[in-house]
Amino acid sequence: MARLSYLLRRGASYYARARVPLDLIDVMGKRELVKALGTKDENEAKRLLWPVVEAWNRQFDDMRSRRMLTADDKADAVWQHYAGTLQRDEQVRQSMPITVDIEAATARAIERVQREGIDISDPRAALDASLDVMVLKHRREFDAQGRRAKLDAMRKHLVEGEAALIADEVDDYIDRNKLLIDPLSPDRGDLARKMMRAEIEGLERTIERDKGDYSGTPKDPIVKPASGTSREQAAPGEGIMELFEQYAAENPKGIATDTIAQARRDVGSFVDYVGSTCPIHRMDKKAVREWKALLMKYPVKATESSVFAGMKLAQIVRHNEKVGKPVITVRTVNRYLAGFSAFCSWLVNHGYLDQNPADGMFLKKPKDKTTVPFTTDQMNTLFTSPLFTGCRSADKWRNVANPGNVRIRDHRYWVPLIMLYSGARPAEIAQLTVADVRQEHGHWILHVTTEGDGTKSVKTEGSMRVVPVHDELIRLGFIKYRDGMEAAGHARLFPEAKRNDRGQMIAEFSREFGRYLIRLEMKVGRGLSLYSFRHGAADALRRAGHLDEQFGFILGHTSATMTGRYGIMPQGMLQQRVELVNSIAYPGLDLKHLCP
């Protein structure tokens with residue numbers, strides 16, 4: 001029978017053994033932990049093993065909860081150590097014996113001599129009887145000599161680069177503030193040297209106090225009150241993520257569920273950097289600037305890579321300097337900042353912050369467009385491809401690009417076509433219910449709304465709207481498809497369309513559609529995507545002579561209305577929308593082969 005993986009036998013003795021997690025190897029300086037269990041009996045070893053392993057796991061968790069050392073930490077450590085040195089000196093001075101204490105000790109010594117009949121002519125006996133009195137009389141002198149000796153030793157060690165005299169204080173500061181620092185790193189050495197300089201200044205002040213001079217101030221320029229992020233902790237109920245949940249529950253702008261979820265991760269990334277106990281008022285521009293600098297070096301899909309398993313933001317960035325994974329784009333960095341900035345605006349409105357620290361922090365966007373519309377030739381190629389005309393298999397995306405007899409007629413087929421003739425967002429279409437596609441005043445409409453289904457969401461309140469069904473979609477059989485889903489008893493128009501674990505609707509389809517374009521050799525790099533249909537619809541409306549402000553409501557770019565929420569619209573207004581949507585046309589596009 002195999003032995004427990006944590007149990008190691010060497011000769012006749014047993015040891016506990018555990019591998020250090022990959023993300024902590026650099027920090028802990030070793031790949032494996034081993035500890036003797038002090039027994040040669042296997043059953044006893046098993047009993048003693050798990051407390052050791054659990055202690056190691058707690059140590060790993062503690063290391064992961066730490067944050068990287070910053071310049072603010074060093075400044076704070078210097079001032080705390082200087083102030084602490086003076087505070088301890090004052091406490092010692094207050095405990096020093098005064099005349100009445102010495103007189104009382106002298107009286108006790110005389111009483112002992114008389115009681116015990118001590119022969120004070122014997123030097124050793126006299127010394128023993130008077131020792132306590134002598135210690136009290138010379139205690140101040142002994143203390144002063146000890147401080148002078150330590151000051152001389154500190155100065156010598158500072159010159160030699162030796163940190164033994166300050167090591168315990170450095171370790172204590174690192175542990176109390178849950179900092180992540182390699183024991184052999186230059187940063188730790190720098191912190192030790194700075195704290196030694198702080199203690200040297202403190203000891204010099206104590207020597208001045210020996211002469212009654214309490215007016216001295218530090219001469220070393222680094223020994224000054226820390227002005228950066230302090231080590232204070234957030235008040236109960238006012239942690240950054242606690243307040244974010246209040247913001248998410250209130251959701252003042254009606255942001256979509258998946259957008260709120262994304263913002264939660266964005267703000268969580270900031271908290272990962274500043275620490276979970278950081279108070280709200282310390283969310284300043286300096287902290288945001290430093291966080292942004294890390295994001296600009298943050299690798300793509302880091303949380304999904306085993307290379308960065310268990311690491312925090314700063315650790316990931318540092319480790320990526322070795323592994324060289326590609327980093328996120330300017331657009332993605334700005335997305336992090338956008339979710340964070342919206343939350344900060346709420347904090348300003350509620351009096352937690354005086355100003356939004358993310359203002360002016362966004363990176364300049366590249367001039368080239370990230371999404372472009374399809375050309376007519378590209379659309380003709382796409383709509384005659386296997387996804388629309390017949391593929392080898394509907395189950396595996398790698399087979400969808402291969403011609404075959406399997407006809408896909410679920411959301412993967414209809415979402416691109418509906419986007420083409422409405423400009424709607426893919427998630428808005430994928431979450432439609434059968435009841436959302438209905439007739440009003442003799443016209444078929446799409447009602448983009450959150451009403452009726454608790455899982456539905458829209459990007460903003462203004463995204464809820466009524467969009468007439470384009471005549472071309474009716475010719476392509478969309479209404480027949482809708483009626484078929486109703487006859488089959490389905491409440492949702494596209495029951496196979498799913499949300500991912502982040503709450504994003506058909507995120508997998510959006511990703512696989514881009515890969516499908518690559519398989520068709522239509523796409524190289526960025527540019528074409530599912531959203532190209534939305535851009536194409538906007539361009540088609542412009543070609544028809546409409547201004548952006550005249551069709552913005554069709555795309556969901558306007559403020560919220562009761563019409564959008566409930567889908568009730570006067571006949572004349574609906575007729576105008578019908579004419580607007582039907583003006584979307586693509587000269588040269590041929591879809592006759594898709595008509596039933």
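**Exercise 1.** What span should the 12 residues of helix H24 (residues 571–582) have, and how far apart are its end C-alpha atoms?

*Solution.* The structure is a predicted model, and the distances are taken from its coordinates. Since the expected span is 1.5 Å times one less than the number of residues, the 12 residues of H24 should span 16 Å. The end C-alpha atoms of H24 are 16 Å apart, which agrees with that expectation.

**Exercise 2.** Identify the buried residues of H24, work out how they are arranged around the axis, and list what they pack against.

*Solution.* With buried taken as under 20% relative accessible area, the buried residues of H24 are Leu574, Arg577, Val578, Leu580 and Val581. They cover an arc of only 165 degrees around the axis, and therefore lie on the same side of H24. The partners against which these buried residues pack are the strands S6 (437–440), S7 (443–448) and S8 (465–468), together with the helices H21 (532–543) and H22 (548–555).

**Exercise 3.** Repeat the analysis for helix H10 (residues 285–295).

*Solution.* In H10 the buried residues are Ala287, Val288, Trp291, Lys292, Leu294 and Leu295. Because they cover an arc of only 155 degrees around the axis, they are on the same side of H10. They pack against helices H9 (257–274), H11 (313–323) and H12 (330–349).

**Exercise 4.** Locate leucine 127, classify its accessibility, and describe the surface patch to which Leu127 belongs.

*Solution.* Leucine 127 is found in helix H5 (residues 123–160), and its relative accessibility of 44% is why it counts as partly exposed.

Key. Residues numbered from 1 in each chain as written. Predicted model: local features only at pLDDT ≥ 70, side-chain atom pairs only at ≥ 80, totals over all residues. Heavy atoms only, no water. Patch = residues over 30% accessible without salt bridge, like charges linked within 9 Å, V, L, I, M, F, W, Y side chains within 5 Å. Areas by Shrake-Rupley, 256 points an atom, 1.4 Å probe, with all protein chains shown as cover. Salt bridge = Lys/Arg side-chain N within 4 Å of Asp/Glu carboxyl O. Helix = DSSP H or I, 4+ residues; strand = E, 2+ residues; numbered from the N terminus. Buried < 20%, exposed > 50% of the residue type's maximum accessible area, 1.4 Å probe, protein only. Arc of directions from axis to C-beta. Contact = heavy atoms within 4.5 Å.
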